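Subject: Structure handover

Hello,

Here is the structure to take over. Please open it first; my notes follow.

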Amino acid sequence: MAFLCIVCNSDRSTIHTMKDAKAGDLILIACCQNCGLVQLKDVPNELDLFDFYKSKYRLEYKKQDRPSPKHVYRAGAQAISRLKKIAPFIRENTKLLDIGSGGGEFTYLASCMGADASGIDPSSGYLEFGKNHYSINVEQRQISQLEGTQSYQIVTMFHVLEHLPNPLKVIRKVHQILKVGGLFVIEVPNLESKATSPFNHFFKAHICYFTSLSLIGLLKDNFSIEYIENNDVIFLVCRKAIGKIFKIPNNRDSKAVRLAESRLKHKRLPEYIMNGGLLKGFKKIPAAFQERYFSYGKQPKRILDLLLMRYNQL
Ligand SMILES: [Zn+2]
């Protein structure tokens, strides 16, 4: 069957063979020659995916169905660093929705900073964990099941968009539930990064592989880009533009195509080594000790409260 881009429907693409970082088998990746989005060639359907994320994903990818203290610490520290970047926009009772709330660390910490925060996630075990330990408002729902219009001032999605089979539909839904002027905060793995391992980038669970250009291309017609960090990951904050109607973006972008093709060509071992890749493993050792030391024997809520206290003292 001919390949059609999941965003712009173009049938022009190049196909690249990559190795799945978990299972080790080969996967086919397509690079759309119209919009530059790099994507898995054979995309599973939405319902099968939701089922997979409900129970199997965490077990297969993390070997656990709820986070360990070490992972609570790691996710908590990440949540604090993300919250730091959007803290100026959080006021008392700012309505915030975290899509893909996982173990609930971000939702809980955002609530501690004053937001009226809630989350959705497909994973049963992680959701229960968050509810039980932090008493947060999280639900098992698909993005398409979100109702209402202009309900939130901030919507966040950290490492979620790359897992979804129809990114444009998701962005349209976020546009619907955000208030005009509201913020959409996204973090995704970065195909442009030269310092992240090429052996830890291509997964069957990742349907899209973004560059800064292909991500901006998806957003620019309906949001104004406020802030972007283009490093190991892409961290992007954009604001819902005035005008209630969602415009279908014109995704034709030859620059984005060239960038994506060049990244698929160069994201290989030599580039990784040249950019300090071999030292990266060693650099992680102190952090791993700290995670273990800080979280050992502590209740999840205590771990997050201590992290927040540390942040507030800085
Ligand atoms: Zn396309």
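In α7, four residues are buried: Ala256, Val257, Ala260 and Arg263. They span an arc of only 135° around the axis, so they sit on the same side of α7. In general, an α-helix has 3.6 residues a turn, so residues three or four places apart point the same way. Keep in mind that this is a predicted model.

The other side of α7 carries exposed residues: Ser254, Lys255, Arg258 and Lys265.

What covers the buried residues of α7? The cover includes β2 (26-32), β3 (38-40) and α6 (212-219).

The length of α7 checks out. The helix covers residues 254-266, which is 13 residues. At 1.5 Å a residue it should span 18 Å, and its end C-alpha atoms are 18 Å apart, so the two agree.

Now the sheet. It is open and has four strands, in the order β1-β2-β3-β9. The pairing is antiparallel. β1 (13-19) and β9 (208-209) are at the edges. Each has a single partner strand, so one side of each lacks a neighbour in the sheet.

β2 and β3 run antiparallel and are joined by three bridges. Cys31 stands opposite Val38 in β3. α7 packs on this sheet and touches β1, β2 and β3. The direction of α7 makes about 155° with that of β2.

Over to you.

Best wishes

Terms used. Residues numbered from 1 in each chain as written. Predicted model: local features only at pLDDT ≥ 70, side-chain atom pairs only at ≥ 80, totals over all residues. Helix = DSSP H or I, 4+ residues; strand = E, 2+ residues; numbered from the N terminus. Expected span 1.5 Å × (residues − 1). Buried ≥ 20, exposed ≤ 12 C-beta atoms within 10 Å, placed from the backbone. Arc of directions from axis to C-beta. Contact = placed C-beta atoms within 7 Å. Pairing = 2+ DSSP bridges. Axes fitted to C-alpha atoms, helices over the stretch in contact; angles between N-to-C directions.
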